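Subject: Structure for your review

Dear colleague,

Please find below the sequence and structure that I am handing over to you. My account of what was found follows directly after it.

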Amino acid sequence: MHTSDPKTLPRVNLRLTALGLGCAQMGGLYRATSAREVEDVFGSAWAAGVRYFDTAPYYGYTRSEHRLGAQLAERPRHEYVVSTKVGRLLRPDAGVAPGDGGWANPYPFRPVYDYSYSGVMRSFEDSLQRLGLAHIDILYVHDIGRDTHGDQHAHHWQQLTTGGGFRALDELRGSGATRAVGLGVNEWRVVMDGMQEFDLDCTMLAGRYTLLEQDCLTPLLEDCQRRGNAIVVAGPFNSGILAGNTKFNYAEAPPAVVARVKALAQTCQEFNVPLQAAALQFPLAHPAVVCCVTGTETAAQLQQNVAWLAQDIPPALWQALRERGLLNPAAPVPA
């Protein structure tokens, strides 16, 4: 499989490369990222054939959108696809400090949740200016869900539904200001809820359909395939536990997860396949999935992801994972 292999969204004539670049690190996730590092990572991605780039106002409290816009400024607009997100407004706040929200050096803006009609429209217009674009290809609703918002979920869901958030997305899509709309979440059940309310073109699902987790295979991915809601898989390494660190869902991995990852790694090793290669290629085998998005800190990491995506994997590995109970028997695997 090659980085630049394209797939088209079923509902929209929009093609995404197999590998996309997640731009949270441009916002300084956990550590500061220099302008040179940003330039090197973006340049390596472009040279490798990556043409899909995802960002959000929340990343670095607008820093990521500014930086991605600067990198895209000299590139032909028809050659790439860019997505950003709505659901938070960034308000000026001189009290923002290094480390707030996990961002090493955030810009002086404080995120405020707002999924209403006016909030979506304002967020979209602000993103256009930060990115320096006249339109945005894909617009996701960011971090909606019960696990994220707890007892405030009903309030935010009301803003999105009866409060006009989905209506704003529909107007933006209808006018051509954005070509596709959907959700950008790490909870799969809220995607099921969303499809009952609104026609989603695509969903960015982080960490929920991976080599480690396939709980959403039925009914979510089946329903997405039937409805034409394309899935962009983000977090294919589950916050890093499948890439060699100890993080799972942005926290230290519990013992049961560590043990399962160890079993996955041992099986991959028997077939001389890096665990990371299997983790990166596995989600793309599902017909509902159109792209895998990874975030990288360095150009070397980006180049390693490209190599893992191209790694030859024998069919016997997938069979062994199934036989050992490490992979859902119904999950499609790479040919």
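A pocket, as the word is used here, is an open set of points on a 1 Å grid over the protein atoms alone, with protein on both sides within 12 Å along at least five of seven lines; a cavity is a set of points where a 1.4 Å probe fits but cannot get out, and lining residues have an atom within 4 Å of a point. Grid points are joined across faces, edges and corners, and a volume is the space filled by probe spheres set on the points.

This is a predicted model, in which local features need pLDDT of at least 70 and side-chain atom pairs count only at pLDDT 80 or more, while totals for chains, interfaces and linings use all residues. Residues are numbered from 1 along each chain as its sequence is written, and side-chain values use heavy atoms, with hydrogens and water left out.

Pockets

The largest pocket has a volume of about 1,400 Å³. Its lining comprises 46 residues, and those nearest the centre are Ala24, Leu29, Gly235, Ser239 and Tyr250. At least two lining residues come from each of strand 9, strand 10, strand 14 and helix 11 (299-310); helices (H or I, at least four residues) and strands (E, at least two) are DSSP runs, numbered from the N terminus. By class, the lining of the largest pocket has 18 nonpolar, 21 polar and 7 charged residues. Here Ala, Val, Leu, Ile, Met, Phe, Trp, Tyr, Cys and Pro count as nonpolar, Asp, Glu, Lys and Arg as charged, and the others, Gly among them, as polar.

The second largest pocket holds about 190 Å³ of space. Its lining includes Arg15, Arg51, Arg77, Glu79, Asp137 and Arg179, and the residues of this lining divide into 3 nonpolar, 3 polar and 6 charged.

Cavities

The structure also holds 2 cavities of 30 Å³ or more. The largest cavity has a volume of about 60 Å³. Strand 3 (19-22) and helix 1 (35-47) each supply at least two residues of its lining, and helix 1 gives the largest share, 3 residues. Among the lining residues are Leu21, Gly22, Glu37, Val38, Val41, Thr296 and Glu297. By class, the lining of the largest cavity has 5 nonpolar, 4 polar and 2 charged residues.

The second largest cavity has a volume of about 30 Å³. Pro57, Arg88, Leu89, Leu90, Ser123, Asp126 and Arg130 line this cavity, with strand 6 (88-92) and helix 3 (117-131) each supplying at least two of the lining residues. The classes in the lining of the second largest cavity are 3 nonpolar, 1 polar and 3 charged.

Overall fold

The protein has 12 helices and 14 strands. A compact globule of 335 residues would have a radius of gyration near 20 Å, and the 19 Å of the protein agrees with this; the radius is taken over C-alpha atoms, and the globule rule is 2.2 Å times the number of residues to the power 0.38. The C-alpha trace spans about 55 × 45 × 40 Å along its principal axes.

Buried residues make up 56% of the 335 residues, where buried means under 20% relative accessible area, exposed over 50%, and partly exposed in between (1.4 Å probe, protein chains only). Of the contacts with a separation of 6 or more, 75% join residues 24 or more positions apart; contact means heavy atoms within 4.5 Å.

Buried sites

In helix 7 (residues 189-197), the buried residues include Val190, Val191, Met192, Gly194 and Met195. Their cover includes helix 5 (153-160), strand 9 (178-185), strand 10 (202-206) and helix 8 (220-227).

Histidine 286 is found in the loop between helix 10 (275-281) and strand 14 (289-295). Histidine 286 is buried, with a relative accessible area of 5%. Leaving aside neighbours within four places in sequence, histidine 286 is in contact with Lys7, Tyr209, Leu217, Leu221, Gln225 and Pro332.

Alanine 18 lies in the loop between strand 2 (15-17) and strand 3, and is buried, with a relative accessible area of 5%. The C-alpha atoms of alanine 18 and proline 6, 12 residues apart along the chain, are separated by 5.8 Å. Not counting residues up to four places away in sequence, alanine 18 touches His2, Thr3, Asp5, Leu284, Val290, Cys291, Cys292 and Leu309.

With kind regards
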